Structure formats: C-alpha cells, structure tokens
Protein chains: 2
Amino acid sequence: MDRQVQQINSYLVSIFNDVLAIEERTLQSSQFKDVSIKEMHTIDAIGMYEPNTTSEVAKKLGVTVGTLTVSVNNLVRKGYVIRVRSDVDRRVVKLSLTKKGRLLYRLHDKFHRDMVKETITEMNEEESAVLMKGLISLHGFLERTKERLPD
Amino acid sequence: MDRQVQQINSYLVSIFNDVLAIEERTLQSSQFKDVSIKEMHTIDAIGMYEPNTTSEVAKKLGVTVGTLTVSVNNLVRKGYVIRVRSDVDRRVVKLSLTKKGRLLYRLHDKFHRDMVKETITEMNEEESAVLMKGLISLHGFLERTKERLPD
DNA sequence: TTAATTGCTTTGATTATCAAACTATTTGAC
DNA sequence: GTCAAATAGTTTGATAATCAAAGCAATTAA
C-alpha cells in the first residue's frame, strides 16, 4: 500500500505542476501575453455570469480584499475587467468581464474541459464513475482537514 | 458527459486550492512559520537524498536559475538549506537540506501521504486501481500537451 | 592559449501578497 | 434624526516571487 500511496501522491503533484505550467505557457503564446496565471485565475473567479462583489471574489480566491483590489486595478487597466458601483449599496463594487475578458475566460475554460474530456474518453462509464468517487473522497478529506485547522 | 466533465473539473480545481491552502495554514501554525508555501516546495524539490544542482532543482520547479538562487539565499539564511560547491566542477553548486530542513521535509511528506492514504482507505483494491488509472491518463494527456507547446 | 560555453549570481523591474490605515456608506442605538 | 459602529473597498508600505539580462568564474574546444 505504501508504494501505491507514494505513486498516487507523485502523480497528483506532477499533474498539479503540469496544469500550472501548461496554463502559463498557453497564455504566453496566445494573444493574451499580458495576463499572468494568477490574473487568469482572478478572471476565472470573476466569471462570465452574474457579477460578483470584490469581497466574494477575494474569498473565492483565498486572498485579502486589498490584494484583489490591486490585481483588479491592473486587470481594469489592461481592459479585461470592469468595476461598477452598486446602486443599491454605494459601498459595494460589482466586478465583471469585458468582451476581451470573456473571450479569455472561454479559452481557459476550454483548456480545462479538454483536459478532463481527453482523460475520461479513455475510460468507460464505470471507470469514470470510480475516478469521480476517488476525487470526491479526496475532496472530502481535504474539506474535513481544513475544518480542523485554525484560521 | 458534459455535466460530468464540468464536475470532475471543478473537483480538481477545488482539490488543488484546498491542498495549497491547507499546506499554507499547516506551515503557519507549526514551528516553521518563516517558510512560505513556495519555499516549502523548493525544500521538497531539493529533497532528502542525493544532493541536486541548482539547475536541476530549478528545472524540477519550473523556474529560472536566477529565481532559484534568490530563493536559496533566503533558505540558507533561515537555516534550511546548505550550498556546497562541487569539487569536480567548481562552477556547480550542490544543494542539500540541513537537519532542520530534513525535519520539515518529512513533515510535509507525511501530510501528502496521509492525504492520499485517507482517500484510498475508503476504497477497495479495484477502485484504487481505477483511480490510479485515471490519474495516469490525466498525467499522460498533460505530458503530451506540454510536448506540443512552444517553450 | 585564447574563445566559446556553461553554471551560477546579481540586478532592475513587475506582480503578488499582507496588515494596517484610510474613505465612504450604511446600519443601529438612542 | 443624529451620531457611533460596522461594513465594503482602496491605498500604502513592506516583503516575496518572478523574469530577463548582464556579469562572473570555471571549463571545454579550437
């Protein structure tokens, strides 16, 4: 079992690193060279659909609102994001994507979908269900672990 | 299928974020508060066993040698890493861990092993084999994708 | 023996990050 | 209704992470 644990672990680490490296290089060789991988994830967290507030996006990304404000300043300057003050509560800022931002969002989303698709097309129904089960189990463990930790 | 792709994808993203967040918080509430998560991964890449050169570790981490030099400067100052010039080729620097560095390495390694162990103990032999197969497949796709990309 | 190459370090610039101080707005207590 | 407290976001100052490019020292090749 220890051998298997070791092996699963190193696959996970390697997958993790590969995904980041590929995302980074894909961006750098696209028309969106001015976007870093962190900025890409910020764009992803802002999302295409209902506008999110600064606080909501910061929480989703696990950074402080100050950090997000700085990052959004850059993304606004580069033309990917727009800020709109809420009319209901003038303290609140709603973030959403520009046309260019939405284009990049879809590009990134497609990479993720292709990645998973290519993986599960090599599997039958039953196997992909087991993969899902494994991921759910891993996810459950991590959520429980997070609970137990101090903030 | 698209529903499933979406779901697997969001589990993967969530797992990645959780692992990072947990590693970060575990470090901050341990005796190793002066080590960031990036530094932790550098320590992990240097490893416990044969000493690695600066170039080798930089490649493993996917950063430039310049970046690694800076990071190693800090880790040496904090007492986790030692630099030894090779006697065979005086240009080469071998990196290895101090006693404190090895202690931290083992702590981090244990977190990773526990994470995987807890996941696969909920599965039978066959299921964990399928999980492994899924990971191998995903890994294969990523390696092929990396090949196709420009550097 | 010099020129080119290699391995690493340093430097300057940019981004990412946090905590803390700050501003503007809303809510709550009276 | 007014003022204090709370809330949402921004700014600032400090530090880490990162790269590309320039620089240095050692090795290899011509």
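Which element gives the most to the surface near DNA strand D?

1. That element is α4(A), with four residues. Bear in mind that this is a predicted model.

2. DNA strand D is surrounded by 23 residues. The closest are Ser55(A), Thr69(A) and Arg91(A), together with Ser36(B) and Thr67(B). By class, the residues of this surface are six nonpolar, 10 polar and seven charged.

3. Sugar and phosphate account for 81% of the atoms of DNA strand D within 4 Å of the protein. Bases make up the rest.

4. Two side chains reach phosphate oxygens of DNA strand D. A polar side-chain atom of Ser36(B) lies 2.5 Å from one, and a polar side-chain atom of Arg83(A) lies 2.9 Å from one.

5. Now the protein interface. Chain B and chain A bury about 6000 Å² between them. Carbon and sulfur atoms carry 71% of that area. The contact draws 55 residues from chain B and 54 residues from chain A.

6. Polar links across the interface of chain B and chain A come to six residue pairs in polar contact, both residues at pLDDT 80 or more. The salt-bridge count between these chains is zero.

7. On the side of chain B that touches chain A, α1 (2-28), α5 (99-121) and α6 (125-148) of chain B each supply at least two residues. The residues of that side divide into 26 nonpolar, 15 polar and 14 charged.

Terms used: Residues are numbered from 1 along each chain as its sequence is written. Chains are lettered from A and ligands numbered from 1 in the order in which they are written. This is a predicted model: local features need pLDDT of at least 70, side-chain atom pairs count only at pLDDT 80 or more; totals for chains, interfaces and linings use all residues. Side-chain values use heavy atoms; hydrogens and water are left out. A residue is near a molecule or strand if one of its heavy atoms lies within 4 Å of it. A polar contact is a pair of N or O atoms within 3.5 Å; within protein, one must be able to donate a hydrogen and the other to accept it, and residues adjacent in sequence count only if both atoms are side-chain atoms. Ala, Val, Leu, Ile, Met, Phe, Trp, Tyr, Cys and Pro count as nonpolar, Asp, Glu, Lys and Arg as charged, and the others, Gly among them, as polar. Contact means heavy atoms within 4.5 Å. Buried area is the accessible area (1.4 Å probe) that two parts lose on being put together, summed over both. A salt bridge is a side-chain nitrogen of Lys or Arg within 4 Å of a carboxyl oxygen of Asp or Glu.
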